[in-house]
Amino acid sequence: MKMTRRSFIQGMGTVAGAAGIGFGLPTIARAANMAEAAATTKSALGDQVIKSTCVHCVNFCGIEARVSDGVIRAIYPDKARAAYYNWGICPKGVSGLFNTYNPYRIKKPLKRTNPKKGMNEDPKWVEISWDEAFETLTGKLAKIKADNPSKLVWHHGHGKYTIGDQFPKAFVAAFGTPNLVHRTTTCEAARHVADELTWGGHGHLPDLEYTNLYLSFGSNPFEGEQWSRWLDHAIIEGKERGMKMIVIEPRFSHAAAKADEWIPIRPGKDVVFILALCKLLIDAGTIDTEFLTTYTNATQLVGGDGKLLKDKDGKPQVWDESSKSAKTYDDAAAKAALKGSYEVNGKTYRTGFQVLVDSMKDITPEYAEEVSGVPAARTRSLTKEIAEAALIGANLVIEGHKTRYRPVASYTFRGLSAKEYGVQNNRANLILNMLIGNMDAAGGLLLNHPMGHPEFLDPSKCEYPPKRVDLAKSVYYPHATHEVCQQVQYTVNDPKAYGLGYQPEMQIFFATNRPFSTSDAIKQQDGMKKTFNVTIDIVLTETCQFSDLVLPDLTYLEAWHFSPTRSTPSTKHSAIRQQVVNAYNIPYDAMTILWELSKRLGLRDAYVDELNKKWGLKETTFQKGRDYTSREMVEVLWADKVKKPFSVAVENAFVGKTISAHDRYHHGVEVECKGPGKARIKLYADQLLGSYETVVKTVNDNGITNLSLDQYKVAYTPIPTKDHAFPTPHREAKDFPLYLITHKRMYRNQAGNTAENPILNFALGNDASENTIAVNAATGKQMGIKDGDIVVVETRVGKAKGKVKLTQGIRPDTIAVSYHYGQWSTGFPDYAKKGTWINQALELHPDRICGMNSFNDTKCKLYKA
């Protein structure tokens, strides 16, 4: 029987499910080659099928749990969900039952009895009752609320997705603290903020059904990121159709292994390479001038001070080629000039597009080669490929709608984001897509409700003194619309240094592991030693190591939830997660913990009001004066959002719908950006200049000394520049010759529970149980380092030790280490502590625009241990 790509992906569920019930590896190998294996083992794998949604990562795949005698026997992909999102599920998903039956799980509330906190300190946990835990917690919370509610800080990471962040947002609103902090600045915040500054929303996707040329800048769905379980099969389908895929990143990733070409670019230099492509496209005249003049602000006039020329009503001006004069940008009669320099009232103005052109005059292919390592000849030839494949001016008729057709997409996720200049790297990529006119075009980039948040197109208020402990939207991180998770402990450690008017007293951490997962991670410990810390989690993570009270949570196979989902260009769906078992009879999950806290604090009715607001409930709402179980909360949400009987949710776990061609291509920029009076996509992000001016004034007026205006001046340019290819370590760490980058592996996440999973760490092979330090074979030979040697990675902030893996799949000047290994919590078994914890050696230089963590900018030395 022929094994197709699709049947192989679906078969992953069969293979790992078999491993989950104790079949040996030979059996697994046979199953991988026999399609009938699923049928022959079905009865052994459970006599009840419960459909639900996996929340092991942020892909939210549809799953089927096979249950026999009240025990989960295996987990498979839900075939019905394949039409809407995932064809298969990853190794974490199929082995997820171990999360539930993990003997190392937290089963009862724990109280710390050792007052000393540290990496190697035994917390000396003692089990306590739920009532004592709630009394302890609410007693301290009541005092904080009476004094200053802002002294409470709520953190969540993956917890946002296990219950929905509307629940904690409602709780902190009812309590009165502004301090709710998510993990996005350790993930992809720079990409989101670049989107927001450019088109007033975030969350674009490539339209792979029609894409013919796909450029991937460090997007690795075959290893793990958002939309992975759609991107994996969408990319393969595209390649089978003839789509060419080019992966541009320093490491030969799983995505590169499936590409037609791998371009091993030097770390951090993407912006120069992208701008070189832009310059060549412009020089050759192979750009979509109609798109630029119609949908973007490229024609707006910019003065010598960088500010837009505006009329007395504050409307931007363009140069009208018909009347040879400046006119209102929205004047329908104006024929706006795209290029050029013009005199208005005795002053010289250039179009925003001309500013871009002039800023790139020195970014030749040869300069790009010098900086990025990409041969000049390949930069030139790739530019021609892009120009030819873009089919500028072409249209398709799809479902009866004439649609712009630009079948080239340049896409990224964390690759361009995890940098000191992550926003500007992402902005450069958006400009490349703009030049070929592919936004909301068939085969290009599909935007997610452009101009949905027009406030993103304005300068920041640059708040000072800050109200929030993470300094989001303050003078320190003016456009941090996704919080700044790694900043919190620095502020807690010394609030006066940042102008914060209070000392935080309690931090609650829900399913997040900050002291393990940030850059320069050891410094996170200082702040955590100064507060009373509460953790809600399923295992004793590194965060628990610094906690005073730990509350057990239910796993995603034990709890009810109105689940988040991932839409695709052609589909969207609503889903639930439902309780399959409750292995240890734990009486509370995070949703009911919050409910109990609100009730004991006398905030239940206020919490109900906030829940209805945060969830946007209209017809079916939470009612005051009563309690809800987790299932009852999900029933309310399903009734209001889906408007179908709850029996549909229990039976199918989801309802889906397809997206019409009209909604896919004609509801976005065609409606929001085309025509008089409409907002325009910002090729020239003038609001950054406005924010910088406010930063300068705020710093000078308040005598702020721990903020470098020189750094902000470089970061806050309206157009990406070559300066954004030189982050702090690249400029300063002269004695550290190698670039250090990080990446994900399919088998792990940073919450820690996957480190305890024997299926992931042993059944899949020894190489999954610990990570390695990838070193180019030629570099290793030159340094006298052999495969398997134990080496030290040394940076300006720390050292990490690990095992070398020599490979051709990394640049000679770069080493790569996956994170989420080397756990050190005293609550973990020894087998879960294998590998290199690279975060302790990563420098932290957060993006000054959005606060993004700079995971991929560090430079290092490498030598034998």
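Guide: Proline 569 sits in the loop that runs between strand S24 (561-563) and strand S25 (571-577). The model is a predicted one. Is proline 569 buried or exposed? Its relative accessibility is 9%, and because buried means under 20%, proline 569 counts as buried.

What does proline 569 touch, leaving aside its neighbours within four places in sequence? Its contacts are Leu205, Pro206, Asp207, Trp230, Leu446, Ile659 and Arg664. One of these, proline 206, is 363 residues away from proline 569 along the chain, yet the C-alpha atoms of the two are separated by 8.0 Å.

Next comes strand S9 (residues 213-217). Of its 5 residues, 5 are buried, so S9 is largely enclosed by the rest of the structure. In a regular strand, side chains alternate between the two faces of the sheet. In S9, Leu213, Leu215 and Phe217 point one way, while Tyr214 and Ser216 point the other way. All of them are buried.

S9 belongs to an open sheet of 4 strands, ordered S11-S10-S9-S19, with parallel pairing. At its edges are strand S11 (261-263) and strand S19 (408-412), each of which pairs on one side only. From one strand to the next, the twist averages 20 degrees. Strands of a sheet pair through backbone hydrogen bonds, in either the parallel or the antiparallel sense. Between S9 and strand S10 (residues 244-248) there are 4 bridges, in the parallel sense, and tyrosine 214 stands opposite methionine 245 of S10. S10 is in turn joined to S11 by 3 bridges, and these two strands also run parallel. Here valine 247 is opposite tryptophan 262 of S11. Helix H17 (residues 422-435) lies across S9 and S19, and runs at about 170 degrees to S19.

Another sheet has antiparallel pairing. This open sheet has 3 strands in the order S1-S2-S3. Strand S1 (48-53) and strand S3 (71-77) are at the edges with a single partner strand each, so one side of each has no neighbour in the sheet. The twist in this sheet averages 30 degrees from one strand to the next. S1 pairs with strand S2 (residues 62-68) over 6 bridges in the antiparallel sense, and threonine 53 of the chain stands opposite glycine 62 in S2.

Among the helices, H15 (residues 365-372) and H16 (residues 376-390) pack with their axes 8 Å apart, at an angle of about 120 degrees. That angle makes H15 oblique to H16. Their contact is made by Pro365, Glu366 and Glu369 of H15, with Ala376, Thr379 and Arg380 on the H16 side. The crossing of H15 and H16 is right-handed.

Last, the confidence of the prediction. The protein chain averages a pLDDT of 93, and 94% of the residues score at least 70. Over residues 1-43, however, pLDDT stays under 50. For residues 1-43 the model has 44 contacts beyond four places in sequence. Where pLDDT is low, predicted coordinates should not be read in detail.

Key
Residues numbered from 1 in each chain as written. Predicted model: local features only at pLDDT ≥ 70, side-chain atom pairs only at ≥ 80, totals over all residues. Heavy atoms only, no water. Buried < 20%, exposed > 50% of the residue type's maximum accessible area, 1.4 Å probe, protein only. Contact = heavy atoms within 4.5 Å. Pairing = 2+ DSSP bridges. Axes fitted to C-alpha atoms, helices over the stretch in contact; angles between N-to-C directions. pLDDT = per-residue confidence, 0-100. Parallel < 35°, antiparallel > 145°, perpendicular 65-115°, else oblique. Left-handed = near helix turned anticlockwise from the far one by under 90°.
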